[in-house]
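Here is a short briefing on how the parts of this model meet. Please have a look at the sequence and the structure first.

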Amino acid sequence: MNTVTPELDRRFRDAAAAAGLLDVAYDVVDSPLGPLLVAVSERGLCKIAFDPDGQLEPLARSYGRRVLRSARPVDPVRRQLDEYFEGTRHEFELPLDLTVGEFYAQVLGELARVPYGETTTYGALAARTGHPKGARAIGTVMHNNPVPIVLPCHRVIGSNGSLTGYGGGLPAKRFLLELERGGTLF
Amino acid sequence: MMDVVTVPPFESFYAEHREAVFGLLARRLGRGRAEDAFQETFLRALRAYPRLEHGRHLRAWVLTIAERIAIDEYRRPNNTSAHEHMELGLEAPPEPQAAYAALADLTDRLPPTERAAVVLRYGYDLPYDQIGRALGSSEEAARQAASSGVRRLRREGAR
């Protein structure tokens with residue numbers, strides 16, 4: 001049969017990335033939270049999504065239309081995520097390539113400094129970014145965090161200690177906080 | 001009024017057309033050489049992809065690239081395609097066709113669908129129902145595209 005074999009398919013996807021012809025390479029990475037879509041450019045990590053569907057069009061609009069699934073460029077992120085979920089990695093060492101405005105960049109920059117195993121509140125993060133009344137705005141930024149897990153929006157909770165919300169669902173947020181406390185899972 | 005069809009993310013484009021491209025190349029070159037030509041076709045498409053102005057006729061566009069690469073393969077001195085075919089007990093592919101290469105050059109300036117229809121019909125001898133399928137349209141649409149392509153070539157040739 002004259003059909004494209006998986007080997008040929010993979011060979012093309014590898015070659016496309018190796019030739020530097022992609023705006024974005026992405027893959028779907030297995031995790032304890034389910035499949036994650038992970039997208040990278042040559043400059044760094046662009047996107048982590050709990051729902052792999054419907055991500056290609058927005059990626060193409062932000063980074064360029066040459067968006068192709070290709071495993072190899074995603075490998076460094078995959079490796080660090082695996083280590084994180086095994087509990088052996090507490091900090092990610094990944095360059096980021098985000099297309100966000102100034103306010104988002106500032107808030108996400110502060111978020112990146114919340115240490116492993118600790119939590120902060122929306123209000124505290126608002127105060128640290130110079131917007132003491134902006135807890136709600138901070139919530140919106142957390143909700144639209146382009147790279148959850150790596151930028152730890154799961155470490156931001158309500159001032160009354162409630163988990164409040166999470167893009168990957170509250171069970172995922174609880175899981176990540178438990179993982180970082182070194183607690184036994186389930 | 002013309003619809004603006006946006007160019008899809010490359011993944012969607014590749015997933016939609018890869019089998020048609022491979023089928024065409026395998027018929028022309030045999031399975032073995034089709035694999036390299038397949039990769040070259042989509043790498044070439046990737047290079048040109050940022051310059052596409054709209055998302056219409058993408059199948060015709062990529063088949064045209066594939067066809068040009070098949071021609072280049074034929075022109076290469078170490079053409080073993082016919083030999084491979086015999087070894088596999090398959091029907092021999094058509095002779096390396098100077099006329100068909102010339103046809104590809106001649107049709108360079110046709111709109112993509114017409115060009116693909118003309119080349120697939122007169123270069124590859126494909127029947128119109130297959131051309132229709134390759135272009136993602138009907139047998140009748142393929143026939144019309146080929147005939148308007150030929151008319152356009154005649155007009156241009158008369159100039």
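A crossing is called left-handed if the near helix is turned anticlockwise from the far one by less than a right angle, and right-handed if clockwise. By that rule, the crossing of α1(A) and α2(B) is right-handed. Helices (H or I, at least four residues) and strands (E, at least two) are DSSP runs, numbered from the N terminus.

This is a predicted model, in which local features need pLDDT of at least 70 and side-chain atom pairs count only at pLDDT 80 or more, while totals for chains, interfaces and linings use all residues. Residues are numbered from 1 along each chain as its sequence is written, and chains are lettered from A and ligands numbered from 1 in the order in which they are written.

**Where the chains meet**

- Chain B brings 21 residues into contact with 20 residues of chain A (a contact means C-beta atoms, placed from the backbone, within 7 Å).
- On the chain B side, the elements giving two or more residues are α1 (10-29) and α2 (31-48).
- The largest share of that side, nine residues, belongs to α1(B).
- By class, the chain B side has 12 nonpolar, three polar and six charged residues (Ala, Val, Leu, Ile, Met, Phe, Trp, Tyr, Cys and Pro count as nonpolar, Asp, Glu, Lys and Arg as charged, and the others, Gly among them, as polar).

**α1(A) against α2(B)**

- The axes of α1 of chain A (residues 6-18) and α2(B) come within 10 Å and cross at roughly 40° (axes are lines fitted to C-alpha atoms, for helices over the stretch in contact, with angles from 0 to 180 degrees between N-to-C directions).
- From α1(A), Leu8(A), Arg11(A), Phe12(A), Ala15(A) and Ala16(A) take part, and their partners in α2(B) include Phe38(B), Phe42(B) and Leu46(B).
- This contact has eight nonpolar, one polar and two charged residues.

**The helix pair in chain B**

- The axes of α1(B) and α2(B) come within 9 Å and cross at roughly 145°, and this crossing is right-handed.
- Among the contacting residues are Phe10(B), Tyr14(B) and Phe22(B) of α1(B), along with Ala34(B), Phe38(B) and Phe42(B) of α2(B).
- The contact of α1(B) with α2(B) has 12 nonpolar, one polar and two charged residues.

**Domains of chain A**

- Chain A is assigned domain 1 (6-86) and domain 2 (102-180), with bounds from an automatic or database domain assignment.
- Their C-alpha centres lie 24 Å apart.
- Eight residues of domain 1 are in contact with nine residues of domain 2.
- Strand β3 of chain A (residues 45-49) gives the largest share of the domain 1 side, four residues.
- That side divides into seven nonpolar, no polar and one charged residue.

Notes: Contact = placed C-beta atoms within 7 Å.
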